[in-house]
Amino acid sequence: MDKFAVTVNHLCVQFGNFYAVKDVSFSVRVGEIFGFLGANGAGKTTTIRVLCGLIVPTSGEVTIDSEHFTKGKEGHIKRKVGYMSQKFTLYDDLSIEENLDFTAALRQIPAKICSARKKELFEFIGFDKSQDIIVADLPSGQKQEIALIASILHDPKIVFLDEPTAGVAPASRMRFWNLVNRLSQAGKTIFVTTHYMDEAENCNRIALMRHGELIALDAPENLKRNTYQKQIYLLTPRDKNCQKLLVNQSQEYFSMFEPYGQHFHAIVKDDIPDEKMISAVSDICSIKGIEPSLEDVFVKLVEEGITR
Ligand SMILES: Nc1ncnc2c1ncn2[C@@H]1O[C@H](COP(=O)(O)OP(=O)(O)OP(=O)(O)O)[C@@H](O)[C@H]1O
Ligand SMILES: [Mg+2]
């Protein structure tokens with residue numbers, strides 16, 4: 001039987017009359033990398049803040065590491081979770097060491113344990129520079145890696161990472177995800193939000209949020225397999241002029257027509273045979289049937305707002 005690190009039942013968070021999170025239920029397995037995706041304002045950060053014991057939900061139940069979350073028990077929950085927040089990570093004007101020592105003081109980690117833990121975590125991220133470096137002088141990727149180790153200094157079982165790679169260069173994003181994978185292999189449960197679909201591919205399962213509601217939850221490959229009933233085509237216009245012609249014709253033939261760099265991902269309208277579309281546009285573009293990407297899934301479920 002699956003063991004769960006996080007269980008959420010009918011969670012609601014209201015700000016005034018507005019529901020930031022509306023009747024959301026899901027469970028996160030121990031050791032899983034759980035992706036929490038959705039457009040801006042979907043309710044991701046609000047959910048994380050509840051799960052970290054930072055805000056009390058309007059209604060619903062939360063269980064963290066088998067402990068029922070009730071008012072007054074937040075302190076206990078906080079010891080079990082690490083939180084790398086979306087906006088604030090480290091104090092820019094303090095050194096790496098000062099930041100980590102400050103975190104340790106807040107977490108009441110004894111000095112001896114803290115220094116062993118710092119050593120272990122610097123090795124984990126492969127950091128061998130001086131701890132006296134001021135955080136503002138670090139490249140953004142390295143800053144996020146230090147922020148990650150600050151969030152797990154107290155060795156929590158569950159780590160919440162809220163857009164940890166926003167604004168980080170692609171090579172550094174890959175490095176960061178390597179760390180996330182290694183943490184998961186070491187038995188940590190990772191709850192992560194991202195707007196990068198290539199990163200979401202690394203998740204064991206993905207929850208999709210829209211306007212405060214959970215609209216899908218499955219493994220990336222299942223989401224890709226089950227979201228579209230129709231063939232997706234990759235259309236590549238032969239030149240700029242052909243591109244204009246294709247865009248002009250798109251409304252006539254396609255129910256989905258999304259730009260992807262120089263290409264388009266498209267689905268033929270239900271009442272039009274695929275062959276008809278192919279003979280109509282094959283002079284102006286190359287046409288190839290493809291498997292949907294997570295980006296396609298996101299576009300359909302989140303941006304078109306089609307629910308389960
Ligand atoms: N303290 C608050 N008071 C009032 N409204 C709030 C508060 N916190 C969040 N909201 C609103 O709740 C909604 C969900 O916000 P939340 O930050 O959870 O979204 P998100 O999915 O994390 O978005 P993003 O991808 O931009 O980080 C938004 O409309 C936001 O403006
Ligand atoms: Mg957010």
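This briefing describes the overall build of one protein model, the surroundings of its ligand, and selected helices, strands and loops. The model is predicted. The protein has eleven helices and 14 strands, and its C-alpha trace spans about 75 × 45 × 40 Å along the principal axes.

**Overall organisation**

- The domain assignment divides the protein into domain 1, which covers 33-53 + 80-221, and domain 2, which covers 229-291.
- The centres of domain 1 and domain 2, taken over C-alpha atoms, are separated by 40 Å.
- Of the 308 residues in the protein, 35% are buried.

- The shell around ligand 1 consists of Phe15, Ala20, Gly38, Asn40, Gly41, Ala42, Gly43, Lys44, Thr45, Thr46 and Gln86.
- By residue class, this shell contains three nonpolar, seven polar and one charged.
- Helix α1, residues 44-51, gives the most to the shell around ligand 1, with three residues.
- Helix α1 is largely enclosed by the rest of the structure, because seven of its eight residues are buried.
- The buried residues of α1 are Lys44, Thr46, Thr47, Ile48, Arg49, Val50 and Leu51; Lys44 and Thr46 also belong to the shell around ligand 1.
- Just after α1, Gly53 takes a positive phi of about 75 degrees.

- Strand β8, residues 189-193, is mostly covered, as five of its five residues are buried.
- In a regular strand, side chains alternate between the two faces of the sheet.
- In β8, Thr189, Phe191 and Thr193 point one way, while Ile190 and Val192 point the other way.
- Strand β3, residues 33-38, runs parallel to β8 and is joined to it by four bridges.
- Strand β7, residues 158-162, also pairs with β8 in the parallel sense, over five bridges.
- Thr193 of β8 has Phe36 opposite it, and Asp162 likewise stands opposite Thr193.
- Together with helix α6, residues 170-185, strands β7 and β8 make a right-handed β-α-β unit.

- Strand β12, residues 254-260, and strand β13, residues 263-268, pair in the antiparallel sense over six bridges.
- Tyr260 has His263 in β13 as its bridge partner.
- Two residues lie between the strands of this hairpin, and Gly261 takes a positive phi near 60 degrees there.

- Most residues other than glycine have a negative phi.
- Gln108 has a positive phi of about 55 degrees although it is not a glycine.
- Gln108 is located in the loop between α3 (96-106) and α4 (111-125).
- Gln108 counts as exposed because it has 8 C-beta neighbours inside 10 Å, and the cut-off for an exposed residue is 12 or fewer.
- Asp155, which is also a residue other than glycine, has a positive phi near 60 degrees.
- The loop between α5 (140-151) and β7 is the place of Asp155.
- With 15 C-beta neighbours inside 10 Å, Asp155 counts as partly exposed.

Key:
Residues are numbered from 1 along each chain as its sequence is written. Chains are lettered from A and ligands numbered from 1 in the order in which they are written. This is a predicted model: local features need pLDDT of at least 70, side-chain atom pairs count only at pLDDT 80 or more; totals for chains, interfaces and linings use all residues. A residue is near a molecule or strand if its C-beta atom, placed from the backbone, lies within 6 Å of it. Ala, Val, Leu, Ile, Met, Phe, Trp, Tyr, Cys and Pro count as nonpolar, Asp, Glu, Lys and Arg as charged, and the others, Gly among them, as polar. A residue is buried if 20 or more other C-beta atoms lie within 10 Å of its own, exposed if 12 or fewer, and partly exposed in between; C-beta atoms are placed from the backbone. Two strands pair if DSSP finds at least two bridges between them. A crossover is right-handed if, with the strands pointing away from the viewer, the path from the first strand over the helix to the second runs clockwise. Domain bounds come from an automatic or database domain assignment.
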